[in-house]
Amino acid sequence: MSESVASSPDELKEGTSGFTQDWSSDKQTFHAPWGKAMMWIFLLSDTFIFSCFLISYMKVRITTTVPWPNPSQVFALEAFGYPVPLLLIAIMTFILITSSGTMAMAVNFGYRKNRKVVVWLMTATALLGVSFVGMQAFEWSKLIEEGVRPWGNPFGAAQFGSCFFMITGFHGLHVTGGVIYLICIILKVRRGDYDRIDNYEAVEIVGLYWHFVDLVWVFIFAFFYLW
Amino acid sequence: MSSEEGQQHPIAIYLWIWLLLFVLSAFSYMVDIAGFQGILRWSLILLFMFLKAGIIIAVFMHMQWERLSLATAILGPPVVLIVFIGLMAIEGSYTEGLREYFFSPPEVTFSTPHH
């Protein structure tokens, strides 16, 4: 169980008494690998950044007296001769969820020390991430072609463009960064670095980042595309 | 269970959660397809959003298996965002009211893209 926690001779308690025990003594607070705790703290700070973007989007949408463009129509895509609302966005959502699933499985197989399967699952995750970014690039160029700019657009309130490019752009940047991060870890897994130290924590940590990117998309999908 | 040993859980959990995320995403997409409007639309969107976010954090990110000290340190601070959102919503409605009042609603005409 917790023999490896040498910082306290006492046994770790669960629940609220464990909470008090963790915070009240002069010792390590988080009984988690430091890399994981630090990734969580980074993600917490990132949460605030994305929240600022979404809140500023809420504010300009409330304050404008010009009607907001209907995202259902703006993001419709022609399929089989009919305009299907949010088609590309729905596909992107499913791709990101699928990549989250493969990532979760990769973490699981990591702790089973199954190097080959981890490499395959993480490669699938990275490829799905790349396809997500590709579709976002397609969506951007489509909207730019239709005349959407950060300072105006033909569909309604001028702030629509700046909110769209800022929010989806920053999210896309996170996906791109995540793919690069994934590739770095994949190479290390392949090389057997984590078998040598008998510890696959790094896979779980990159997983945390990747799930966060998916998590942010859940909020963007709800507030920007569906609202 | 200490997380020192790493997060090891049966694969079935992940597959079920994966499926659940697909179903919830399909539901939130259906809200748009079905064309629900008003309070029904917003409450459904928020419901599916929070369910999805919750299970991603709890299961995929393993938060439900982490110790309470880590979970509260990470999940507690974002709660202040509710205050931030509330303040900005109130202030936003005020600004909108002023604009409605002082800049009488302009007759906006939208031109279709002409090139």
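Residues are numbered from 1 along each chain as its sequence is written, while chains are lettered from A and ligands numbered from 1 in the order in which they are written. Because the model is predicted, local features need pLDDT of at least 70 and side-chain atom pairs count only at pLDDT 80 or more, whereas totals for chains, interfaces and linings use all residues.

**View 1. Confidence along chain A.**
The mean pLDDT of chain A is 88, and 96% of its residues reach 70 or more; pLDDT is the predictor's confidence in each residue, from 0 to 100. Within chain A, helix α6 (residues 159–191) has the highest confidence, at a mean of 94, and strand β1 (residues 77–79) the lowest, at 76. Helices (H or I, at least four residues) and strands (E, at least two) are DSSP runs, numbered from the N terminus.

**View 2. The contact between chain A and chain B.**
The contact takes 55 residues from chain A and 53 residues from chain B. Two residues are in contact if their C-beta atoms, placed from the backbone, lie within 7 Å. On the side of chain B that touches chain A, the elements giving two or more residues are α1 (11–34), α2 (38–60), α3 (68–75) and α4 (80–102) of chain B. That side of chain B has 30 nonpolar, 15 polar and eight charged residues. In this classing, Ala, Val, Leu, Ile, Met, Phe, Trp, Tyr, Cys and Pro count as nonpolar, Asp, Glu, Lys and Arg as charged, and the others, Gly among them, as polar.

**View 3. Chain B and its two domains.**
Chain B has four helices and zero strands, in the order α-α-α-α from the N terminus on. Its division is into domain 1 (1–66) and domain 2 (68–104), with bounds from an automatic or database domain assignment. The centres of the two domains, taken over C-alpha atoms, are separated by 24 Å. Of the 115 residues in chain B, 17% are buried. A residue is buried if 20 or more other C-beta atoms lie within 10 Å of its own, exposed if 12 or fewer, and partly exposed in between, with C-beta atoms placed from the backbone.

The 23 residues of α2(B) reach 32 Å from first C-alpha to last, close to the 33 Å expected at 1.5 Å a residue. The expected span of a helix is 1.5 Å times one less than its number of residues. Buried in α2(B) are B:Ile45, B:Phe48, B:Lys52, B:Ile56, B:Val59 and B:Phe60. Their cover includes α1 of chain B together with α4 (87–111) and α8 (201–226) of chain A. Just after α2(B) comes B:His62, in the loop between α2 and α3 of chain B. B:His62 is not a glycine, yet has a positive phi of about 65 degrees. B:His62 counts as buried because it has 21 C-beta neighbours inside 10 Å.

**View 4. Helix α2 of chain A.**
Helix α2 (residues 34–63) of chain A has 30 residues and should span 44 Å at 1.5 Å a residue, which agrees with the 44 Å between its end C-alpha atoms. Its buried residues are A:Lys36, A:Met39, A:Trp40, A:Leu54, A:Tyr57 and A:Lys59. These pack against α6 and α8 of chain A, and also against α3 and α4 of chain B.

A:Leu86 is in the loop between β2 (82–84) and α4 of chain A, and its phi is positive, near 55 degrees, in a residue other than glycine. With 22 other C-beta atoms within 10 Å, A:Leu86 is buried. B:Gly76 lies in the loop between α3 and α4 of chain B and counts as exposed, with 10 C-beta neighbours inside 10 Å. From B:Gly76 to B:Gln37 there are 39 residues in sequence and 33 Å in space, C-alpha to C-alpha.

**View 5. Spans annotated in UniProt.**
For chain B, an unreviewed UniProt entry places "transmembrane region" at residues 12–30, 42–61 and 68–90; such annotations may be inferred rather than shown by experiment, positions follow the numbering used here and feature names are shortened. Residues 12–30 of chain B are 100% helix and 0% strand, with end C-alpha atoms 27 Å apart. For residues 68–90 of chain B the values are 83% helix, 0% strand and 34 Å. In chain A, UniProt lists residues 39–227 for "domain: Heme-copper oxidase subunit III family profile" (unreviewed entry). That span is 78% helix and 3% strand, and its end C-alpha atoms lie 31 Å apart.
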